[in-house]
Amino acid sequence: MLDADFQVSADGGGETGAPQVKVNPIRRADYHTDWVADRTIAWLDSLDAGDDWFCWMSFPDPHHPWDPPEDEMARIDWHDVPLPEGYPTSTAERERILDGKPRHWRLWYDGTLVSNYEAPSKWVPATLTPDQLREVTARNAVECELLDEALGRVLAHIERLGWGDDVDVVFTPITASSAVTSASCSKGRTTSTP
């Protein structure tokens, strides 16, 4: 994640050299998404049927580094991922669009303005290739699928415990780029604040 200067690394990986892409040989069972779901299920099993409870699950994905377990990457062939609808494939068209936006958009694209401290400071967005975009999009999609499956396992376990009608579940996207990264569940008396 960090380079020798303790900055977010711009090193590339995967098949395209896309920044923040990592080939991850970890087994799915040891990947953090399943780990969080497994710990949640184990905790739910430790409760008595009559207990009131609150649980907050927080998942790091979908988020860079784009590193789902490599054996899960067979779900999506990144070569087949279409570019986003309306994506300007020519550099000239992208730059024309950016030149019509506030100045900082173009500065960020050219790599002269660091405005997102989670993005690598030494990476120039203008260098992102269509294939790199496809690979990052595929890896993000796999992370979303794994997250969806993990949440499904937790919710199915709540049903198996017989609590399905008594549990409130809230899904919370943490960032605009995230699908669902956190979920809270509670059984029993709950209060909410504005």
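Reader: How much space lies in the largest cavity?

Author: The largest cavity holds about 80 Å³ of space. Eleven residues line this cavity, and those closest to its centre are W108, L113, V114, P120 and W123. A cavity is a set of points on a 1 Å grid over the protein atoms alone where a 1.4 Å probe fits but cannot get out, and lining residues have an atom within 4 Å of a point. Grid points are joined across faces, edges and corners, and the volume is the space filled by probe spheres set on them. By this rule there is one cavity of 30 Å³ or more.

Reader: What sort of model is this?

Author: The model is predicted: local features need pLDDT of at least 70 and side-chain atom pairs count only at pLDDT 80 or more, while totals for chains, interfaces and linings use all residues. Residues are numbered from 1 along each chain as its sequence is written, and side-chain values use heavy atoms, with hydrogens and water left out.

Reader: How do the residues lining the largest cavity divide by type?

Author: Ala, Val, Leu, Ile, Met, Phe, Trp, Tyr, Cys and Pro count as nonpolar, Asp, Glu, Lys and Arg as charged, and the others, Gly among them, as polar. The lining of the largest cavity has seven nonpolar residues, four polar and no charged.

Reader: How much space lies in the largest pocket?

Author: A pocket is an open set of points with protein on both sides within 12 Å along at least five of seven lines. The largest pocket contains about 1,100 Å³. Of its 32 lining residues, W108, W123, P125, L128 and L133 are the closest to the centre. The lining of this pocket comprises 18 nonpolar, ten polar and four charged residues. At least two lining residues come from each of α2, α3 (103–109) and α4 (130–160).

Reader: How many helices and strands does the chain have?

Author: Both are DSSP runs numbered from the N terminus: helices are H or I with at least four residues, strands E with at least two. The chain has four helices and five strands, in the order β-β-α-β-α-α-α-β-β along the sequence.

Reader: Which residues does I41 contact, apart from its sequence neighbours?

Author: Contact means heavy atoms within 4.5 Å. Beyond neighbours within four places in sequence, I41 contacts R153, V154 and H157. I41 belongs to helix α1 (residues 32–45). The C-alpha atoms of I41 and H157 lie 6.9 Å apart, although 116 residues separate the two along the chain. For the chain, 68% of contacts with a separation of 6 or more join residues 24 or more positions apart.

Reader: Is I41 buried or exposed?

Author: Buried means under 20% relative accessible area, exposed over 50%, and partly exposed in between, with a 1.4 Å probe and protein chains only. I41 counts as buried because its relative accessible area is 14%. In the chain of 194 residues, 36% are buried.
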